Amino acid sequence: MQISASTVSLTVDDVAASQRFFTTHLGYTEQAAADGFASLTRNDAAMDVVLLARGTEVLPADQRDQHASGLILAFTTTGIEAEEERLRAEGAAITMPLREEPWGERLFQVTDPNGVIVQFVEWVTPADPGNS
């Protein structure tokens, strides 16, 4: 198998609200859209995002009423402090401020209007690798 692209499909209550969040704050652009559906992409290695309205009939009956939850959409990036400052200045909800884990992971989280958690990660050399 060869995978040529990656897409995550999120079922949300308000497609337009999540679409605005991803295009305004995260640099996504609309690839296609219809009532209750939006396909978003970026020009880099980030995965594409498909937003589907909860209850839509294109989903199998047992999936229609599920909501994107218990999921963290994580992006590895550089310049993480500047990204957190930019998102904060733009009014994005910073739901976990920037922190550094002992194993060298620096991260923070934002949450979109539908509760989708987006985490940004930057890897650094831990101060004391023996404590990981």
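The mean positions of the chain's 8 positive and 20 negative charges sit 3 Å apart, counting Lys and Arg as positive and Asp and Glu as negative, without His or the chain ends, and placing each charge at NZ of Lys, CZ of Arg, CG of Asp or CD of Glu. This is a predicted model, so to speak: local features need pLDDT of at least 70, side-chain atom pairs count only at pLDDT 80 or more, and totals for chains, interfaces and linings use all residues. Residues are numbered from 1 along each chain as its sequence is written, and side-chain values use heavy atoms, leaving out hydrogens and water.

**Overall layout**
- The chain has two helices and eight strands (DSSP runs: H or I of at least four residues, E of at least two).
- From the N terminus, the order goes β-α-β-β-β-β-α-β-β-β.
- Of the 132 residues, 41% are buried (under 20% relative accessible area, 1.4 Å probe, protein chains only).

**Helix H1**
- H1 covers residues 15–25, and its buried residues include Val 15, Phe 21, Phe 22 and His 25.
- At its start, a side-chain oxygen of Asp 14 comes to within 3.2 Å of the backbone nitrogen of Ala 16.
- Just past H1, Gly 27 has a positive phi of about 75 degrees.

**Core**
- The largest nonpolar core holds 25 residues, with Phe 22, Val 49, Val 110, Val 118 and Phe 120 making the most contacts inside it (buried Ala, Val, Leu, Ile, Met, Phe, Trp, Tyr and Cys joined through side-chain atoms within 4.5 Å).
- Elements giving this core two or more residues include H1, strand S4 (48–53) and strand S8 (117–123).
- Beyond four places in sequence, Phe 22 touches residues including Tyr 28, Leu 40, Val 49 and Val 118 (heavy atoms within 4.5 Å).

Definitions and conventions:
Buried means under 20% relative accessible area, exposed over 50%, partly exposed in between (1.4 Å probe, protein chains only). A polar contact is a pair of N or O atoms within 3.5 Å; within protein, one must be able to donate a hydrogen and the other to accept it, and residues adjacent in sequence count only if both atoms are side-chain atoms.
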